[in-house]
Amino acid sequence: MLRLSSLIVLLLFVISPALAQDIVRTPAEISEPNVAERVRQLESELERQNTKLDQLQKSLMEQQATIQALLDKLSAQTTPAATTAKVTETPATVTAHSDAAPGQPQTPTVEQRLAKVEGQAAKIGPIRFSGDFRLRWDGIFRSATQPPDPPLEHVQNSRARYRLRLNLDTDLYPNLSFHGQLATGPLNNQLSTNQDFTSITARAPFSLSEAWIEYRPTKEIQLQGGRVLDIFADNSRFLFDDDLRFNGFNEKYTHTFKPNGAYLSSLEFRAGQYILSTPNVAVIAPNSPLARAGEIVGTAGRSARLFHQGILANQTFNKRWSSQFGGDIQLYDHPNQIQLASTQDGLVLLVQPGLGIALSGPLPGTGNATTTPGGVMYTAPGFQVARLTYRLNYAGFTHGEHAFPVTFNVQVARNVATSLNERDAMLAALQVGRITKRGDTSFLYVFAIKGANSLISQVTDDDLGTNTGVNIRTSHFRFEYGINRKVTFQSLFFIQDSLRRSGQYPNFFVPLGDFAPRTFRAQQQLVFNF
């Protein structure tokens, strides 16, 4: 027992110092391994977060680069491959065929997405807004005649002009839509929407230029009614002036052929019926202006009308070549009323009652041969204008980032309602390039001849024919430069000669004869589209 007690005492003396050492250790010494571990964990977590931040920053930079590339692409021209598939947006357009398989959904292009965004941005309720503003310098110069030619004063008209047009469009239903346009310009000039820098500080008029409803019962049929473009309008400066609009109706039926190796891609049947006047005269009296225009005394005053119909055949040879060939005919009822409207008596009878206001003067644009000097009866007994047109489109070539498509167009027309001289007209045009983005350029040359009995001067172009729409031979040059995607600088130059003089044929009197010196016209303009 004594020995056991001695052993216990000895163990206590040995263990006690070790326990004492553990008891006297500080809390910092006890927790030092745990703190170090936690620090290492925090450092590891911080390193992982820094790695994630670097990855996020890199991803953000890549997204910014992608957005910038998309913006650059939106402001740039489409690729040459896409350009070959595109066609012009005029009624003389050839319909492009898709390369996608039937029924296969197509991904919208960047340009289509941009157009959709812009359309939404310029939309208030159901109405979409667009338009353009053009600022122009316009100069017309012609020297005076010298004896023994008939006296004719010189022309020196240098002026500044502008044009503002506002478009309103809506598609309330899939097959029914409305289009309207308000435009500046004098009310008594059907050939121009330009407003001169004049009238001291009076405000320019802003009036209805276009308004029609379009109904598409099927994808092949298009019907329009209201104040419409001519159904064959193509901005060529040949048949009609670019600013001319008709009150009436248009119809178009398009038959598309399935791609089967044939060149013919579609046929377009077009027709237009336009009401030009409503005399509202129950019985024509002997002293009536209508009687002087050749109407039969004792009959009711009939409306002047235009019926325009024809066919266009669109051809696609391959992805780079396409063409359009067609023919049409204009049939005028009572065309002398158009010449009558260019006199004071005709203005009061035919024009002002429909507008409800008194205009400052009759309609401009005379130039046809008449039976008497300044008369109201055309020398041609009627106007039935038959036309053939051919347009060849080539995708063209590229220079740097700019594409240069090529278009050649030739048109010939004859007034088949008469066998008199000067009943023929023709136009040939060559265009290289198209403005789609900044830095693009375009060149156009047009040569035209219009006989005094071929087309009606009051409806044909008033730039290609200055001071007379017919009895002319004109060369026209145009250069365009894209300042930005929707801003274009244009430079136009016209050289015009008259063809015939009064008395050269029986009952043949023209307001501007061939003795008139050559006329020069220049236009410099900026065009803004929005």
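The views below come from a predicted model.

**View 1. Arg 414 and Asp 424 form a salt bridge.** The two side chains meet at 2.7 Å, N to O. Arg 414 belongs to strand E13 (residues 402–415). Asp 424 belongs to strand E14 (residues 424–432). The partners are ten residues apart. Arg 414 has a relative accessible area of 35%, so it counts as partly exposed. Asp 424 has 34% relative accessibility, so it is partly exposed as well.

**View 2. Arg 159 and Asp 138 form a salt bridge.** Their side chains meet at 3.6 Å, N to O. This pair links distant parts of the chain. Arg 159 sits in strand E3 (residues 155–173), and Asp 138 sits in strand E2 (residues 127–142). They lie 21 residues apart. Arg 159 is buried because its relative accessible area is 19%, and buried means under 20%. Asp 138 is buried too, at 0%.

**View 3. Asp 138 also meets Arg 161 in a salt bridge.** Here the N to O distance is 3.3 Å. Asp 138 is in strand E2 and Arg 161 is in strand E3, 23 residues apart. Both Asp 138 and Arg 161 are buried.

**View 4. Salt bridges that share partners build one network.** Its members are Asp 138, Arg 159, Arg 161, Asp 196, Arg 237, Asp 461, Asp 463 and Arg 521. The count for the model comes to 25 salt bridges.

Methods. Residues numbered from 1 in each chain as written. Predicted model: local features only at pLDDT ≥ 70, side-chain atom pairs only at ≥ 80, totals over all residues. Heavy atoms only, no water. Salt bridge = Lys/Arg side-chain N within 4 Å of Asp/Glu carboxyl O. Helix = DSSP H or I, 4+ residues; strand = E, 2+ residues; numbered from the N terminus. Buried < 20%, exposed > 50% of the residue type's maximum accessible area, 1.4 Å probe, protein only.
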